[in-house]
Amino acid sequence: MRTTLIAAIAAAALSGVTAPVFADIKDYEFQLVQNEAKKGEAIIAVRLLNKKTGKQVPDAVIAAKRVDMAPEGMADMTPRIEQLPSREPGVYRFKTNLSMEGRWQLSLAAKIQGEAGTVENKLVIKATP
Ligand SMILES: [Cu+2]
């Protein structure tokens, strides 16, 4: 009985017809607009993308944000980071101070309207001289 039910669910999932289409939080991803910034005060722009549709996703709520220098073994270098108003739907902007040349890690967590779960990404941006 149980195996029959599981087989039926598997068959339905494989057919892709009867199974409802769920958007998955894993379909969303933050991407840097630019991979490099000049050392010092910087505005970092990221786009939030729905990888399935290729569309940018506006109105997400940034639940957590952090910048540190973990990629250079300096995880305790954590400058302040502040969210700035968006100028383009689906593009989120942050102001911070990349006080040292090298690779910095931007960690973001966001909630998306109508989706369960949290998008979490770590992005590496290079501070240049
Ligand atoms: Cu450093």
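This report describes the fold of a predicted protein model, its copper site and several individual residues.

The model is predicted, so local features need pLDDT of at least 70 and side-chain atom pairs count only at pLDDT 80 or more, while totals for chains, interfaces and linings use all residues. Residues are numbered from 1 along each chain as its sequence is written, and side-chain values use heavy atoms, with hydrogens and water left out.

## Overall fold

The protein contains one helix and nine strands. Helices (H or I, at least four residues) and strands (E, at least two) are DSSP runs, numbered from the N terminus. Read from the N terminus, the order of elements is α-β-β-β-β-β-β-β-β-β. Of the 129 residues in the protein, 35% are buried; buried means under 20% relative accessible area, exposed over 50%, and partly exposed in between, with a 1.4 Å probe and protein chains only. Among contacts in the protein with a separation of 6 or more, 60% are between residues 24 or more positions apart, where a contact means heavy atoms within 4.5 Å.

## The sheet and the hairpin

Strands of a sheet pair through backbone hydrogen bonds, either parallel or antiparallel. Here two strands count as paired if DSSP finds at least two bridges between them. Four strands form an open sheet in the order β2-β9-β8-β5, with mixed pairing. Strands β2 (36–38) and β5 stand at the edges, each with a single partner strand, so one side of each is left without a neighbour in the sheet. On average, neighbouring strands of this sheet are turned by 30 degrees against each other, direction ignored; the axes are lines fitted to C-alpha atoms, for helices over the stretch in contact, and angles run from 0 to 180 degrees between N-to-C directions.

| Strand pair | Sense | Bridges |
|---|---|---|
| β2 and β9 | parallel | three bridges |
| β8 and β9 | antiparallel | nine bridges |
| β5 and β8 | antiparallel | seven bridges |
| β6 and β7 | antiparallel | five bridges |

Individual residues mark these pairings. A37 stands opposite A127 in β9, and S107 has K122 in β9 as its bridge partner. V61 stands opposite K111 in β8. Q83, in turn, has F94 in β7 as its bridge partner. The hairpin of β6 and β7 has two residues between the strands, and G90 in the turn has a positive phi of about 90 degrees.

## The copper site

The copper ion is coordinated by the SD atoms of M69, M74, M77 and M100, at 2.2 to 2.6 Å. Donors are N, O and S atoms within 2.8 Å of the metal (3.2 Å for Na, K and Ca); water is not among the atoms, so sites may look incomplete. The angles among the four donor atoms are 100 to 121 degrees, and the site is tetrahedral. Four donors count as tetrahedral if all angles lie between 85 and 135 degrees. For comparison, the ideal angle for four tetrahedral donors at a metal is 109.5 degrees.

Along the chain, the donors of the copper ion follow the spacing M-x4-M-x2-M-x22-M. M74 lies in the loop between β5 (61–68) and β6 (81–88) and M100 in the loop between β7 (91–98) and β8 (102–111), so the pair ties together parts that are 26 residues apart in sequence. M74 counts as partly exposed because its relative accessibility is 23%, and M100 is also partly exposed, at 31%.

## The aromatic pair

A search of the whole structure finds one aromatic pair. F30 and Y92 form this pair in an edge-to-face arrangement, 6.2 Å centre to centre with 85 degrees between the planes. Rings of Phe, Tyr and Trp (its six-membered ring) pair if their centres lie within 6.5 Å; planes under 30 degrees apart count as stacked, over 60 as edge-to-face and the rest as tilted. Since F30 lies in strand β1 and Y92 in strand β7, the pair ties together parts that are 62 residues apart in sequence. Both residues, F30 and Y92, are buried.

## Further residues

W104 is located in strand β8 and counts as buried because its relative accessibility is 0%. The C-alpha atoms of W104 and T78 are separated by 9.6 Å, and these residues are 26 residues apart along the chain.

D27 is found in the loop between α1 (2–15) and β1 (28–32). With 13% relative accessibility, D27 counts as buried. Residues up to four places away in sequence aside, D27 touches L49, N50, K51 and K52.

D59 lies in the loop between β4 (55–56) and β5. Although D59 is not a glycine, it has a positive phi of about 65 degrees. D59 counts as exposed, at 57% relative accessibility.

Terms used: Tetrahedral: all angles 85-135°; square planar, octahedral: opposite > 155°, others 65-115°.
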